[in-house]
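Take a look at the chain below. This report walks through its pockets, charged pairs and surface, one topic at a time.

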Amino acid sequence: MIKDEFEYGVSKDWVQKFNQTLAAMERDEEAKRKDFLKWDAGRGSIQRHLDQLHEEIAEYERLMAWDKSKQIELVVENFNKLSDALIKARMAAKISVEELAERLDIDPERLKEHEKKDYQGASYMELLEISCVLGLEFKTAVMQVDFEEIEVMKQIAVERRERKKKKASKTA
């Protein structure tokens, strides 16, 4: 996800570089003949990166051009992507990080760090307050309980405890 003008510029530069690379690959008839599967896999990989960049650039441009007199609907695919919605809402509202920090009465550097880390260190209360200040409202939230995932996480917890016990017994 492109979060600011700097990342937007870097992304545009990468699009140009990837396009040049693809053009050079297309001209390299010897590489195609020598090992077509390798050439095709390399070309496909670059094309996927290029397609992803085009999507991110289009999304950034859409957010930056959003008419604030209209509501915007942001889809949150899963709870781990809530941070994207917070950042997109801020961008579409044309609110800088500094302005948002002022409205929240927090240090702008703290908010910049939150956005940089996709809000991983933010508390639940901070997320709620930011959502409120940005006017985010859930229309519908459907959550699915994945019982297989619960069992996987249970096994990971058991393994983690065992590693901690072994480590503690080695240092004792």
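Is Asp 118 buried, partly exposed or exposed? Asp 118 is partly exposed, because its relative accessible area is 32%. Buried would mean under 20%, and exposed would mean over 50%. Keep in mind that this is a predicted model.

Asp 118 sits in the loop between helix 6 and helix 7. Its phi angle is positive, about 55°, although Asp 118 is not a glycine.

Lys 94 also has a positive phi, of about 60°, and it is not a glycine either. Look for Lys 94 in the loop between helix 4 and helix 5, where helix 5 spans residues 97-104. Lys 94 counts as partly exposed because its relative accessibility is 34%.

## Salt bridges

Now turn to the charged side chains. Side chains of opposite charge can pair when their charged atoms come close. This structure holds twelve salt bridges.

| Lys 12 | Glu 61 | 3.9 Å |

Start with the salt bridge between Lys 12 and Glu 61. This pair links distant parts of the chain, with Lys 12 in helix 1 and Glu 61 in helix 3, which covers residues 36-64. The two residues are 49 residues apart. Lys 12 is partly exposed, at 40% relative accessibility. Glu 61 is partly exposed too, at 35%.

For Glu 126 the value is 16%, so Glu 126 is buried.

Salt bridges can also join up. Glu 26, Glu 29, Lys 32 and Arg 43 are linked in a network of them.

## The largest pocket

How many residues line the largest pocket? The lining is made by 33 residues. Leu 74, Val 76, Leu 136, Glu 137 and Phe 138 lie nearest the centre of the pocket. The volume of the largest pocket is about 1,300 Å³.

Helix 4 (82-92) and helix 7 (124-133) each supply at least two residues. By type, the lining residues divide into 20 nonpolar, seven polar and six charged.

Helix 1 runs over residues 5-27, and Val 10 lies in it. Val 10 belongs to a nonpolar surface patch, together with Phe 6 and Trp 14. The area of this patch is about 330 Å². Val 10 counts as partly exposed because its relative accessibility is 32%.

Tyr 8 is in helix 1 too. Is Tyr 8 buried or exposed? With a relative accessible area of 16%, Tyr 8 is buried. That value is under the 20% cut-off.

## Distances along and across the chain

Compare two pairs of residues by their C-alpha atoms. Tyr 8 and Ala 89 are 81 residues apart along the chain, and their C-alpha atoms are separated by 17 Å. Leu 82 and Lys 70 are twelve residues apart along the chain, and their C-alpha atoms are separated by 21 Å.

Leu 82 has its place in helix 4. Its relative accessible area is 13%, so Leu 82 is buried.

Note on methods:
Residues are numbered from 1 along each chain as its sequence is written. This is a predicted model: local features need pLDDT of at least 70, side-chain atom pairs count only at pLDDT 80 or more; totals for chains, interfaces and linings use all residues. Side-chain values use heavy atoms; hydrogens and water are left out. Patches are made of residues with over 30% relative accessible area and no salt bridge: like charges are joined within 9 Å, nonpolar side chains (Val, Leu, Ile, Met, Phe, Trp, Tyr) within 5 Å. Accessible areas come from the Shrake-Rupley method with a 1.4 Å probe; for residues, only the protein chains shown count as cover. A salt bridge is a side-chain nitrogen of Lys or Arg within 4 Å of a carboxyl oxygen of Asp or Glu. Helices (H or I, at least four residues) and strands (E, at least two) are DSSP runs, numbered from the N terminus. Buried means under 20% relative accessible area, exposed over 50%, partly exposed in between (1.4 Å probe, protein chains only). On a 1 Å grid over the protein atoms alone, a cavity is a set of points where a 1.4 Å probe fits but cannot get out, and a pocket is an open set with protein on both sides within 12 Å along at least five of seven lines; lining residues have an atom within 4 Å of a point. Grid points are joined across faces, edges and corners, and a volume is the space filled by probe spheres set on the points. Ala, Val, Leu, Ile, Met, Phe, Trp, Tyr, Cys and Pro count as nonpolar, Asp, Glu, Lys and Arg as charged, and the others, Gly among them, as polar.
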